[in-house]
Amino acid sequence: MRIPLIAGNWKMNKSVASAKQFMTAIQGKLPAADQVETAVAAPALFLQTMLEANTDNVLRVAAEACYYEDEGAYTGETSPKALHEMGIPYTIVGHSERRRYFNETDDVINRKVQAVFRNGMTPIVCCDETMGRRESGERIHWVVNQVSAALKGVSAEDAAKIVIAYEPSWAIGSGTTASTDQAEEGCYLIRQTLADIYSDDLANGVRVLYGGSVKPDNIAGIMGRDNVDGVLAGGSSLDESSFIKLANYQN
Ligand code: PEP
């Protein structure tokens, strides 16, 4: 059984004080992790405060990004080794904003995926798709190639733990959510790609998320689709009451 994963991505928002306030507000209000797993990816400089404020220990405090080397002369980067030592279980890798604004290539993303696994964490790998590619029919190759490139050289043992998010860039931050058919189609495509690279069994165990303008009032429809195992929510994960509603989408 694939346990749903409702994950937030704060991007470069909030402060240490407001991150702490969020953590205090959500304690005792999230579903049990063996029913619905919840995570929030936050800037590295908030993580220690968030871990300390996570008194019920239900939310998985996650990172938004990290580097592919464990340590060294890489000014300004975040070490995956240090994240793991802090007790961070997940980090996002390959978000479309990292690809677009920070020139992260498929090769860099693949190195990061390997570094995250090497350090005992799980990557939430994002695959994007532009509206142009959707309209030209190129999206299928694009998504398949991103998944294959991210997983190059990754063992089946590690790949079985991965989380992949289908995040059409035309839906991110735009207020335009993919239809439930589009979300299902993207997540199905990712699962089929995993089956082609590894096996049906492996693909059936991996959680595939949808991301792009998910809100409390549209999450239930998206989560109702067979191949959608969770969501990655940006804007609607910032406010504590909105995140609590996302997490409790089944109620
Ligand atoms: C995201 O940043 O991954 C995202 C899906 O953002 P939003 O929910 O704001 O569209």
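How do the residues of the shell around the ligand divide into nonpolar, polar and charged? Four of them are nonpolar, eight are polar and one is charged, where Ala, Val, Leu, Ile, Met, Phe, Trp, Tyr, Cys and Pro count as nonpolar, Asp, Glu, Lys and Arg as charged, and the others, Gly among them, as polar. The shell holds 13 residues, the closest being I172, G211, S213, G234 and G235; a residue is taken as near the ligand if its C-beta atom, placed from the backbone, lies within 6 Å of it.

The model is predicted, and local features need pLDDT of at least 70, side-chain atom pairs count only at pLDDT 80 or more, and totals for chains, interfaces and linings use all residues. Residues are numbered from 1 along each chain as its sequence is written.

G234 lies in the loop between β8 (230-233) and α12 (240-247), where helices (H or I, at least four residues) and strands (E, at least two) are DSSP runs numbered from the N terminus. Leaving out residues up to four places away in sequence, G234 touches N9, K11, I172 and G173, a contact being two C-beta atoms, placed from the backbone, within 7 Å.

The unreviewed UniProt entry also places the feature "active site" at H95 and E167. Although spread over 73 residues of sequence, the two cluster in space, the largest C-alpha distance being 8.4 Å. H95 has its place in the loop between β4 (90-93) and α4 (96-101), and counts as buried with 28 C-beta neighbours inside 10 Å. E167 lies in strand β6 and is likewise buried, with 26 other C-beta atoms within 10 Å. Not counting residues up to four places away in sequence, E167 touches S96, C126, C127, D128, I172, G211, G212 and L232.

In helix α1 (residues 16-26), A19, F22, M23 and I26 are buried. Seen down the axis of α1, these buried residues fall within an arc of 95°, so they line one face of the helix, the arc being that of the directions from the helix axis to the C-beta atoms. An α-helix has 3.6 residues a turn, so residues three or four places apart point the same way. The buried residues of α1 pack against β2 (37-42), α2 (47-53) and α12, while the face turned away from the buried side carries the exposed residues A17 and T24.

In helix α7 (residues 139-150), R139, V143, Q146, V147 and A150 are buried. They cover an arc of only 95° around the axis, which puts them on the same side of α7. What covers them includes α5 (106-118), β5 (122-129), α6 (131-136), β6 (163-168) and α9 (180-197).

Notes
Buried ≥ 20, exposed ≤ 12 C-beta atoms within 10 Å, placed from the backbone. UniProt positions renumbered as here; feature names shortened; annotations may be inferred.
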